[in-house]
Amino acid sequence: MIKLKIQSLHKRESELANSERQLEILSNGIFLNGELPKFKEKIAQTNQFPLRPNKLEIFQINLGYMCNQVCTHCHVDAGPDRTEIMTRETMQQCLDIIKKTEAHTLDLTGGAPEMNPDFRWFVEEASKIGIKDFIVRSNLTIIRANKKYYDLPEFFKKHNVHVVSSMPHWTKGKTDKQRGEGVFDKSIKALQELNAIGYGMPNSNLKLDLVYNPSGAFLPGDQASMEKEFKKVLKKDFDIQFHNLFAITNLPISRFLDYLIASENYEDYMYSLVEAYNPEAVKNVMCRNTISVSWDGWLYDCDFNQMLGLKVASKVKHIKDYNEELLQNRKIIISQHCYGCTAGAGSSCQGSVI
Amino acid sequence: MSKTYYDPADLKKFGNITDWSEELGTKFFEYYNKVFEEGALSAREKSLIALAVAHTEQCPYCIDAYTKDGLQRGITKEEMMEAIHVGAAIKSGATLVMGVQMMNKVNKLDG
């Protein structure tokens, strides 16, 4: 069993902190010698290259890479040592665009987005705009991390925020292995608090969804079956309820790539992804309906491309120059990590895509 | 030729058995896939049965495949180990119940 270091790659000064090095790994070896086809070749087989956007639906903003947790598989390489945080000025630029965009969903992510000192101001301002679906990706433990966060459930409720939270398993052992010692107990407590004010309850408008991503070098199982199992155990053991479970595949980048290499699972994992490739999933892959904004205002096709430093292939690359029409004409940037979103029933921040 | 009988990479080639007998191979895989669909038993229960049988059959390919399948389904290591004990209990029970035949024989010959 591999014992992972619980520090960000940046803190450890790992070579994988460099996104160019990650892209190099993803393009060499089994993809260079022809053992496995490159993603570009694979989607070209069904005439889906170059990949183009569909209608824009989701505006996803990363408020910063700072996090109270250091999860072993984090694709953001987030952690307490990460200081990249969105400023109020960039937030204002985002707000100006949210007022005009065609996207019906605003999706705030991080790190722990709540750790941004202007998080509450931003949520208050954004909620005035009247977005159809306003998501905050909360890691749950932040609610119990410090007194100043204890009222977050009430704050979310006040602004009708749709809470989406990670929960890798219904058992303590598997959850803590991936997300850190004590995370399971704190997450359970936070979920109970959210339930107590109406989040996740049947017929409640206060939406609470959970995200499941595998704790190791394997793909997620069927989303509906996993949801059934999660609901059964969380209700029985902890009297917790939630609405939907999103099963998300771990993409081979950042800390998960580090884990795959260190545990000698990289090649087998890439084989699994390529074998599970499903051309149907390409039709609905999330980069086709999403724009991802980084903490410093740069624009990306998705959160994964953001972490790999792959800015959109458009004249417009920054929120200050935002032009939706121009952006919608872009070609989406792809590499071998994209196999993670097209395996099986597909994977996105909203779970399976088929 | 490989110097060992078991190469984990061969599991990926399982589908190739249809190359030398297409009709039978295809029928086998159709049957195989149908068996593991949700039915009166859940796919999850079937995965655990498969894991236990993989051990009693001592098939390294099947053990690799159904350990991974179990993890993908969220099956815990405790559940997997219990399933293997079920297989082991039947294996050892099947051996020991033959002891009755031995006892019968001893009683007949030397009772």
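Here is a friendly conversation about a predicted model with chains A and B.

Student: Let's start where the chains touch. Which helix of chain A gives the largest share of the side that touches chain B?

Tutor: Happy to begin there! In this predicted model, 11 residues of chain A are in contact with 9 residues of chain B. The largest share of that side of chain A is 3 residues, and they come from helix H10 (residues 223-238) of chain A.

Student: How many residues on the side of chain A that touches chain B are charged?

Tutor: Sort them by class and you will see. There are 5 nonpolar residues and 5 polar ones on that side of chain A. What remains is the charged class, and the number there is 1.

Student: Now to chain B. How far apart are the end C-alpha atoms of helix H4 (residues 77-110) of chain B?

Tutor: Let's work out what to expect. Helix H4 of chain B has 34 residues, and at 1.5 Å a residue it should span 50 Å. The model agrees with that, because the end C-alpha atoms are separated by 49 Å.

Student: How many residues of H4(B) are buried?

Tutor: A residue is called buried when 20 or more other C-beta atoms lie within 10 Å of its own. H4(B) lies largely in the open, because of its 34 residues the number buried is 1.

Student: Are H2(B) and H4(B) parallel or oblique to each other?

Tutor: Look at the angle. Helix H2 (residues 43-56) of chain B packs against H4(B) at about 50°, and the axes are 8 Å apart. The crossing is right-handed. Angles under 35 degrees would count as roughly parallel, so H2(B) and H4(B) are oblique.

Student: What residues of H4(B) make that contact with H2(B)?

Tutor: On the H2(B) side, the contact is made by B:Leu48, B:Leu51, B:Ala52, B:Val53, B:His55 and B:Thr56. By class, the contact of H2(B) with H4(B) has 8 nonpolar, 3 polar and 2 charged residues. On the H4(B) side, you will find B:Glu79, B:Met80, B:Ala83, B:Ile84, B:Val86, B:Gly87 and B:Lys91.

Student: H2(B) also packs with H3(B). Are those two roughly parallel or roughly antiparallel?

Tutor: The axes of H2(B) and helix H3 (residues 60-72) of chain B come within 9 Å and cross at roughly 155°. That crossing is left-handed. Angles over 145 degrees count as roughly antiparallel, so the word for H2(B) and H3(B) is roughly antiparallel.

Student: Which residues of H3(B) take part there?

Tutor: From H2(B) come B:Ser47, B:Leu48, B:Ala50, B:Leu51, B:Ala54 and B:His55. The contact of H2(B) with H3(B) divides into 7 nonpolar, 4 polar and 1 charged. The residues they meet in H3(B) are B:Cys62, B:Ile63, B:Tyr66, B:Thr67, B:Asp69 and B:Gly70.

Student: Back to chain A. Are H4(A) and H5(A) roughly parallel or oblique to each other?

Tutor: Helix H4 (residues 88-98) and helix H5 (residues 119-128) of chain A have axes that come within 10 Å and cross at roughly 15°. A:Arg88, A:Met91, A:Leu95 and A:Ile98 of H4(A) make the contact with A:Trp121, A:Phe122, A:Glu125 and A:Ala126 of H5(A). Angles under 35 degrees count as roughly parallel, so H4(A) and H5(A) are roughly parallel.

Student: Is A:Asp77 buried or exposed?

Tutor: A:Asp77 is found in the loop between E1 and H4 of chain A. It has a positive phi of about 60° although it is not a glycine. The cut-off for burial is 20 other C-beta atoms within 10 Å, and A:Asp77 has 27, so it is buried.

Student: In which helix is A:Ser254, which also has a positive phi?

Tutor: Most residues other than glycine have a negative phi. A:Ser254 has a positive phi of about 50°, and with 25 C-beta neighbours inside 10 Å it counts as buried. Its place is in helix H11 (residues 254-262) of chain A.

Note on methods. Residues numbered from 1 in each chain as written. Chains lettered and ligands numbered in written order. Predicted model: local features only at pLDDT ≥ 70, side-chain atom pairs only at ≥ 80, totals over all residues. Contact = placed C-beta atoms within 7 Å. Helix = DSSP H or I, 4+ residues; strand = E, 2+ residues; numbered from the N terminus. Nonpolar A, V, L, I, M, F, W, Y, C, P; charged D, E, K, R; others polar. Expected span 1.5 Å × (residues − 1). Buried ≥ 20, exposed ≤ 12 C-beta atoms within 10 Å, placed from the backbone. Axes fitted to C-alpha atoms, helices over the stretch in contact; angles between N-to-C directions. Parallel < 35°, antiparallel > 145°, perpendicular 65-115°, else oblique. Left-handed = near helix turned anticlockwise from the far one by under 90°.
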